[in-house]
Amino acid sequence: MTKPQRPQQYYDQIKDKFREERDLRLDYRPPGTDQFTSEFSGDLAKYAVDPYAKDVPSREPISDEVEVLFIGGGFSALLTSARLREGGIESIRIVERGSDVGGTWYWNRYPGAACDVVSYDYLPLLDELDYVPVDHYSRGPEIFSHCQAIAHKYNLYDLAVFNTTVTETRWEETDQLWHVKTDQGDVMRAQYVICANGTLAKPKLSAIAGMEGFAGHAFHTSRWDYDYTGENLEHLKDKVVGIIGTGASAVQIVPELAKVAKEVFVFQRTPSSIDIRDDWPTDPNWARKLEPGWQSKRRSKVLAAVENSLEKRAAKGASSPEEKLKKQENANIDYMMRIHRRIDEIVNDPVTADSLKPWYMFMCKRPCFHNEYLPSFNLPNVHLIDTNGQGITEISAKGPVFESKEYELDLLIYATGFEVQQTGIYNDIVGEGGINLQDKYADGIRTLLGIHTAGFPNLFIMGGYQASFQFNLTEMLQTQGDHIAACIDYVRANGHHALDVSDEAEEWWVQKVIEHRGKTNRSEDCTPGYYNFEGNEQRRQDGNFNGGFRQYFEHQGQVREKMEENFHLVSRKT
Ligand code: NDP
């Protein structure tokens with residue numbers, strides 16, 4: 001059946017509405033990213049406490065030397081370590097704030113936590129661990145267990161240090177090693193340091209007037225307090241619960257709260273787009289037939305495929321760049337209107353249904369996939385408080401206040417997200433000549449591939465800006481991990497001690513990032529959110545490489561083909 005052709009006016013009117021809704025939100029949040037706080041001290045210190053680290057034994061400060069030290073123990077560290085072990089490196093240490101490996105999946109244990117990327121693509125090292133995920137989409141506990149299994153397989157627990165936060169990473173000329181200091185008084189020396197502290201690792205709270213004085217119980221989604229809620233949320237039966245935020249975390253949590261809590265108030269500023277979650281248990285017959293190396297083959301196929309998005313397909317056959325853009329935008333709008341129709345079909349109350357409709361282009365915000373979120377709003381105990389772009393700006397001792405109405409709560413959950421891609425600059429990183437990485441970046445981020453930065457020998461950054469960004473993050477991280485392991489292997493195989501990127505190679509990459517980010521103004525047209533720095537103006541180089549994942553992967557290979565040109569390779573001075 002051919003699709004009915006809609007007049008261009010239909011699309012133009014929807015684009016106007018997108019613009020109106022964006023401007024409404026921008027007007028409400030002039031501070032941009034400064035509307036949030038992630039420095040949890042004083043009354044806010046409780047929001048950073050690790051609820052999963054029970055009875056942490058005290059230990060003596062460590063003063064020793066390892067070959068490779070990872071800051072952070074999530075997927076970045078795990079999948080890079082696998083390659084380093086394969087390359088014969090024995091001395092690997094993970095230093096991790098939590099009490100186990102797992103990163104995101106250590107912290108985000110909220111009810112309903114699951115991954116929106118197909119498990120056979122998302123879980124890394126399936127070939128190496130000879131593991132086939134249980135379902136098409138993995139739940140949080142399975143992914144956390146997989147992280148632990150990787151750490152066991154590659155003996156990463158032996159030297160790991162948990163419940164420890166790195167405070168300073170300093171390159172010392174005297175021994176040409178990194179000296180890594182921690183909040184536990186450690187001074188560990190390492191030849192190579194890999195910043196693997198996650199793309200969305202540091203929880204942030206919307207800075208709301210009066211939040212410190214809330215008299216009920218409160219926590220951030222990444223610090224779920226099961227002592228309060230009960231393992232199966234059974235303690236919430238007689239509790240009134242509020243949740244601020246309707247991003248990917250809240251979309252998974254709300255249906256779980258809805259099943260149990262006495263009342264649930266969902267405080268929405270901007271709705272997420274919610275599509276079908278097409279999940280099923282892994283077919284054992286399919287799993288049995290998988291040949292060794294199946295996941296690598298699957299990943300190679302993705303890399304080889306020309307990006308073939310919905311919009312690119314729609315733009316095929318367009319005669320001019322303007323026509324191509326129009327076709328892409330119209331296809332995007334068609335998709336979003338399908339999302340709207342789905343809401344009308346599921347949500348009974350038309351006012352609530354309207355409030356749940358996202359008015360922005362697909363991918364302006366992180367898309368969500370859930371089959372129970374929208375039906376939750378048909379339950380009598382679930383109430384959507386639509387702040388229509390304004391957000392909650394006041395919290396009293398009793399609870400959030402909106403339009404002079406006080407919502408009295410027993411429990412307030414902040415689903416307000418995380419600091420974005422600050423990996424590499426959480427602790428004080430001081431390179432050659434005493435240069436601090438933050439100071440180096442003051443006039444704009446400067447890296448090669450988002451991984452190397454000049455003046456910081458043997459330091460590697462994973463998941464930071466100027467790298468490619470992928471919906472399947474682990475695949476991107478695996479390419480970075482493979483690249484880093486290959487670089488370290490090159491240094492060792494050629495009898496060097498250190499590698500540092502040349503200024504020319506760094507400049508080449510900065511220009512590449514700028515060139516690709518200058519191609520569209522899509523980001524400015526979007527409703528504010530963390531994908532577009534909350535609508536803040538941003539230097540073009542201070543973002544991701546938008547030239548495509550395959551191209552990013554190919555650039556990695558090209559860089560490694562000319563190691564001597566792209567890097568200063570030095571032997572240890574005696
Ligand atoms: P997000 O940053 O995506 O969402 C934060 C939410 O808080 C937004 O809805 C935001 O509204 C809202 N908000 C902020 N301040 C206020 C306020 N004052 N009043 C009302 N609402 C407010 O954080 P999440 O933790 O949901 O998700 C972060 C990321 O983590 C995801 O984008 C995804 O990448 C990842 N993730 C992946 C999952 C998966 O695979 N399924 C599950 C969970 C997370 P507004 O939009 O208006 O800014």
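Trainee: Is Q252 buried or exposed?
Mentor: Q252 counts as buried, because its relative accessibility is 5%. Buried means under 20% relative accessible area, exposed over 50%, and partly exposed in between, with a 1.4 Å probe and protein chains only. This is a predicted model, in which local features need pLDDT of at least 70 and side-chain atom pairs count only at pLDDT 80 or more, while totals for chains, interfaces and linings use all residues. Residues are numbered from 1 along each chain as its sequence is written, and side-chain values use heavy atoms, with hydrogens and water left out.

Trainee: Where is Q252 found?
Mentor: Q252 is in helix α8. Helices (H or I, at least four residues) and strands (E, at least two) are DSSP runs, numbered from the N terminus.

Trainee: And which residues does Q252 touch?
Mentor: Not counting residues up to four places away in sequence, Q252 touches Y110, P111, G112, A113, A114, D116 and H370. Contact here means heavy atoms within 4.5 Å.

Trainee: On to the ligand. Which residues come nearest?
Mentor: The ligand has 28 residues around it, and S249, T270, K365, R366 and Y530 come nearest. A residue is near a molecule or strand if one of its heavy atoms lies within 4 Å of it.

Trainee: Which helix gives the most to that shell?
Mentor: Helix α8, residues 248–260, gives the most, with 3 residues.

Trainee: How do the shell residues divide into nonpolar, polar and charged?
Mentor: There are 13 nonpolar, 10 polar and 5 charged residues in the shell. Ala, Val, Leu, Ile, Met, Phe, Trp, Tyr, Cys and Pro count as nonpolar, Asp, Glu, Lys and Arg as charged, and the others, Gly among them, as polar.

Trainee: What lies 2.6 Å from an oxygen atom of the ligand?
Mentor: That is a polar side-chain atom of T270. A backbone N or O atom of A415 lies 3.3 Å from a ligand oxygen atom, and an N or O atom in the side chain of D116 is 3.0 Å from a nitrogen atom of the ligand. The protein covers 90% of the 920 Å² of accessible area that the ligand has on its own. Accessible areas come from the Shrake-Rupley method with a 1.4 Å probe; for residues, only the protein chains shown count as cover.

Trainee: New topic: how many disulfides does the structure hold?
Mentor: The structure holds 1 disulfide, a disulfide being a pair of cysteine sulfur atoms within 2.5 Å. C364 and C526 form it, with their sulfur atoms 1.9 Å apart. The link is left-handed, with -75 degrees about the S-S bond.

Trainee: Which parts of the chain does the pair link?
Mentor: The pair links distant parts, 162 residues apart. C364 is in the loop between α13 (350–355) and β12 (368–369), and C526 in the loop between α18 (522–525) and α19 (549–561). Both cysteines are buried.

Trainee: Last one. Where is the place of N427?
Mentor: N427 is in the loop between β17 (411–414) and β18 (428–430). N427 is buried, with a relative accessible area of 9%.

Trainee: Which residues does N427 touch?
Mentor: Not counting residues up to four places away in sequence, N427 touches I71, V166, T167, E168 and T169. The side chains of N427 and T169 are joined by a polar contact of 2.7 Å. N427 and T167 are 260 residues apart along the chain, yet their C-alpha atoms are separated by 4.9 Å.

Definitions and conventions. A polar contact is a pair of N or O atoms within 3.5 Å; within protein, one must be able to donate a hydrogen and the other to accept it, and residues adjacent in sequence count only if both atoms are side-chain atoms.
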